[in-house]
Amino acid sequence: MTESSLEQVRQTGLTSSSVAAYLSTTGWSMVHDGRALQSWVYGDVPTPDQVLQLPTDDSYADYDQNLRRVLRQLQALNGWDAQQLATHVLGARSDILYIRASQYSSDGSIPVREAQQLLDGAVDMVTAAARWTYQPRRSFSGRPPDAVKEFIDDDLRMGHTQRGSFVITILTRLDEPEIDQPGDRTPALVPPAEVGGQSLHQSLTSGYVAPFQRRVMSTLASGLSYVRTATETALNSDDGVAAVDLDEAVQRGVSAQLCQALGEMTEQVGIQSLDLSFNWAPAEPSPAPPVNRVVFARPTAPVLMDLRERLTPSPPAERRASVTGYVTRLERGQDAEEGTVTVQGFADTQEQRSVRVLLTGDSYTTAVRAHDARQLVQVSGRLTREGNAYFLRGQVSLSRVTVTTTEPR
């Protein structure tokens, strides 16, 4: 192994601990665990090349040299190049998703723009599964929770493209197993969902909780499997996607964002089918999900988009409404004649509501004075929802509200 190839492997996160995880799941046995070195053997009567001296303390000056020797030895034993070595070793504590795009091509290549869309779709799929794992919902909006963002930024990695066809390799690095201590009352993020009679987030023992990364990939596998079943149901039914049980779909990990990502990946002109397969980390103690491969043909793309529409909540119908409350924010550019005012209070339906309204001239001046005096106002208009915010549009009016009190006799 050359210096450049070693550096290439190291950039993927390959360390002595990842090598140890790989060895422990592939027939090797540790016969000695010293202060800075572990001895591993393969088989009952190992040959000299089936004995490894694995360094464990990178503070020693010869750590790199010893690790390089172990990596060369594994390459020679298995006939691997540097990329194959990294994929196999990291796979011991990584759940791997392979995305194979079948394309009308004689050499296995695909257009760069389609490759980029597949990569974007892969990230969107995993993000949807992570958000569902954090909080099961049929559709998501707004900024992802910090736990989801950290998972995407830190634990999601792209592996080496496989030979022979265009295959995207997505690795999800798992945290080391942790056993809950007695008295630990940290709740699970989500309730378990049933997949084929087996808990989606089933634990090995009552005290073990699978890492968040494994739960995300389990959600993804379950969601993909159910979406595949749902598309078959829709294609074979006169009712189309109306025949799909949305409640059950959401329970299995399906969301509008997952369907949208799949639909965009499969609707590309050159794609014949999308083949998604999983390789579950053998070093993870929790049981692997009962899903290994899911295939989507291109004709399913319209069904996926229809399913996404059904899972996306409909915006509330527009209506004339009034909100009584206080002006909490004023926004107007320098020398601008109009500005946006935020009023927070109660709507005429007695719902607590924060609305934004565009005002000009005397109306904006009235809002400024009410804001400064902390005086109630009533604002009326056509209530609409745009993204995560409510606006009053159309013929808008704003007036200050005078509160009268009756003196006791």
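A residue counts as buried when its relative accessible area is under 20%, as exposed when it is over 50%, and as partly exposed in between (1.4 Å probe, protein chains only). At 63% relative accessibility, Gln-350 is therefore exposed. The structure is a predicted model, in which local features need pLDDT of at least 70 and side-chain atom pairs count only at pLDDT 80 or more, while totals for chains, interfaces and linings use all residues. Residues are numbered from 1 along each chain as its sequence is written, and side-chain values use heavy atoms, with hydrogens and water left out.

**Overall make-up**

- The protein has eleven helices and 15 strands; these are DSSP runs numbered from the N terminus, with at least four residues (H or I) for a helix and at least two (E) for a strand.
- Of the 409 residues in the protein, 44% are buried.
- The protein exposes about 21700 Å², and 46% of that comes from carbon and sulfur atoms; accessible areas are computed by the Shrake-Rupley method with a 1.4 Å probe, and for residues only the protein chains shown count as cover.
- A contact means heavy atoms within 4.5 Å. Among contacts with a separation of 6 or more, 65% are between residues 24 or more positions apart.

**Strand pairing**

- Two strands pair if DSSP finds at least two bridges between them.
- S13 (352-360) and S15 (residues 389-400) run parallel and are joined by three bridges. Val-357 has Leu-392 in S15 as its bridge partner.
- S14 (377-386) pairs with S15 in the antiparallel sense, over nine bridges. Gln-378 stands opposite Ser-399 in S15.
- The hairpin of S14 and S15 has two residues between the strands, and Gly-387 there takes a positive phi near 70 degrees.

- Gln-350 lies in the loop between strand S12 (338-347) and strand S13. Its phi is near 70 degrees, a positive value in a residue other than glycine.
- Arg-374 is in the loop between helix H11 (361-373) and strand S14. Its phi is near 50 degrees, again positive in a residue other than glycine. At 53% relative accessibility, Arg-374 is exposed.

**Charges over rings**

- A charge sits over a ring if NZ of Lys or CZ of Arg is within 6 Å of the ring centre and within 35 degrees of the ring normal.
- The charged end of Arg-374 sits over the ring of Tyr-326, 4.5 Å from its centre.
- Arg-353 lies over the face of Tyr-390, 4.2 Å from the ring centre.

**Aromatic pairs**

- Rings of Phe, Tyr and Trp (its six-membered ring) pair if their centres lie within 6.5 Å; planes under 30 degrees apart are stacked, over 60 edge-to-face, and the rest tilted. By this rule there are four aromatic pairs.
- Tyr-22 and Trp-80 form an edge-to-face pair, with 6.1 Å between centres and 65 degrees between planes. Tyr-22 is in helix H2 (residues 16-24) and Trp-80 in the loop between helix H3 (63-78) and helix H4 (82-90), so the pair ties together parts 58 residues apart in sequence.
- Tyr-22 is buried at 8% relative accessibility, and Trp-80 is buried at 15%.
- Phe-278 and Trp-280 form a stacked pair, 5.0 Å centre to centre with 5 degrees between the planes. Both residues, Phe-278 and Trp-280, are buried.

**Ser-277**

- Ser-277 is in strand S9 (residues 271-279) and is buried, with a relative accessible area of 17%.
- Apart from neighbours within four places in sequence, Ser-277 is in contact with Ile-96, Leu-97, Tyr-98, Asn-292 and Arg-293.
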